[in-house]
Amino acid sequence: MTWTAALVAAVLILVNLGALGAVAWRAEGSAGWSAADWAALRFTLWQAFLSAVFSVALAVPVARALVRRRFPGRQALIVLMGAPFILPVLVAVTGLLAVFGRNGVMNDALALLGLPRLSIYGLHGVVLAHVFFNLPLSVRLLLQGWARVPSEHLRLSSALGFGGWARFRHVEAPMLARILPGALAIVFLICLTSFAVALTLGGGPRATTLELAIYQAFRFDFDLGRAALLAAVQAGIGLAALQLLARVTPPETAVTGLDRAAPPPPGGWATALGATAITLAALFLMAPLALVVARGLPQLPGLPAVVWRAALRSILVAAASTLLLALFAAALTAASLRHRWAEGIGSSALVASSMVIGTGLFLIVNPVIAPETLALPVTALVNAAMALPFALRALIPAARRAEVDFARLSLSLGLNARAHWRLVLWPRLRKPVGFALGLGAALSMGDLGVIVLFAQTGSETLPMQMHRLMGAYRSGDSSGAALLLLALSLGAFVLLERLIGGRDADT
């Protein structure tokens, strides 16, 4: 497996650093650092920091309530709460504008009460959108951590008469200390490279991110030198965040249990607060999606054939991307048990600009072959690389925990590598694998990234086709395409998660 991990690492280095190097090599002239670039840097760091803190802080009570309670519709709620993260950004922003925009539901309610309307544009709008996208991801990552707390510890805490605070301090807080740094880093890095949210809700030059500045350097000035400099600064910030993550994350310790169901939670205020957290989160996440469904459902039967052909291409791209993701994640997860570099290489896509990656790959292949002929394969490769960090954050902690808990026992029993995998690792990795591959398929289905640079007429994916419909002001068809894309993304996620992870994959 070591040579496979080395090959995967080489591919990822080529995709990330190679693309940046190609852009820098083609840059002409010197690139200076202006006052506008400093402003973009400050805004990028501040909005990414606020978005990460709010997303993860709000996810803690929601995940805690979900993991400790069973109620009708719980599994469906968890799946639906994950929809915003896998929803294409432009579709989700449309839903947010329908709720929080100038003429949205909330502002209409404020007007009825005689209160002034609120603006969603600017820093608060960007942070709101990022929390909408990343709260579900944070909840799912925390659910994975809570699922690894042995139920025996909770039973013992009840037997010892621990109150709610003592139980949290001695049983749950150590798990959060291992999970929270990774969740904060992932959300920070996602928001660091945010593009469509800042473009739509930024509200002007004072709310420009580095990614948006890179786009402007490409699109309007074709200043590759400035774009390369901005991308290098952005990548440096991301690498520093990953290094800080490695330093502050505590090592795994042996915490062995019998994988039994956890005891029922206490009643009283804990139950009421948990129910309140779940209800508020569900309303915040579901209201924009409900409006997307309401507007798109009547348009779905009349969608033109070009939209359905684009949907088929998206399915094929997502299938190829998921297969690549499975290969990449398996190789690097296995290597991470012995080498620290594997996780860093796999997470490198989080620090890369998708705009720079697309342009760099275009420059690399253009002298050899027409880029449009590689539109779908390149899109599948880049989508797999972009989804890999999320897959590794779900897989590597679970794999390390299983090794810490059971490696010595397997060795003492004389289990070979295949038996150790089948009897020890796979039962504990099955749920994270289902989650990771489902998430990767959904993200690939809804991605609007390098395909814009490579694709020509006849090779559009569904997100690109929907973008064109929106640009042509065909609001009816674009609403129907948005609903179709949501259904395909959510369907791919549910299918893979349940098929691989089992019926209780979301616990």
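This is a predicted model: local features need pLDDT of at least 70, side-chain atom pairs count only at pLDDT 80 or more; totals for chains, interfaces and linings use all residues.
Biologist: What makes up the fold, helices or strands?

Modeller: The protein has 21 helices and zero strands. Buried residues account for 53% of its 507 residues.

Biologist: Why is Thr-333 called buried?

Modeller: Its relative accessible area is 7%. Buried means under 20%. Thr-333 therefore counts as buried.

Biologist: Where does Thr-333 lie, and which residues is it in contact with beyond its neighbours within four places in sequence?

Modeller: Thr-333 sits in helix H14, residues 305-336. Its contacts, with those neighbours set aside, are Leu-392, Leu-395, Ile-396 and Ala-399.

Biologist: Why is Phe-49 called partly exposed?

Modeller: Phe-49 has 43% relative accessibility.

Biologist: Which helix gives the most to the nonpolar patch?

Modeller: Helix H2, residues 35-67, with three residues.

Biologist: How do you know that the span of H2 agrees with its residue count?

Modeller: H2 has 33 residues, which should span 48 Å at 1.5 Å a residue. Its end C-alpha atoms are 48 Å apart, so the two values agree.

Biologist: Where does H2 bend, and by how much?

Modeller: The bend is at Val-60, by about 30 degrees. A proline, Pro-61, follows within four residues.

Biologist: Why is H7 called largely enclosed by the rest of the structure?

Modeller: Of the 25 residues of H7, 21 are buried. Each of those is under 20% relative accessible area. H7 is therefore largely enclosed by the rest of the structure.

Biologist: What span does H7 reach, and what is expected?

Modeller: H7, residues 123-147, reaches 35 Å from its first C-alpha to its last. The expected value is 36 Å, and the span is close to that.

Biologist: Where is the kink in H7?

Modeller: At Asn-134, shortly before the proline Pro-136. The kink is about 35 degrees.

Biologist: What share of the contacts with a separation of 6 or more joins residues 24 or more positions apart?

Modeller: In this protein, 83%.

Key:
Residues are numbered from 1 along each chain as its sequence is written. Side-chain values use heavy atoms; hydrogens and water are left out. Helices (H or I, at least four residues) and strands (E, at least two) are DSSP runs, numbered from the N terminus. Buried means under 20% relative accessible area, exposed over 50%, partly exposed in between (1.4 Å probe, protein chains only). Contact means heavy atoms within 4.5 Å. The expected span of a helix is 1.5 Å times one less than its number of residues. The bend at a residue is the angle between axes fitted to the seven residues ending there and the seven starting there.
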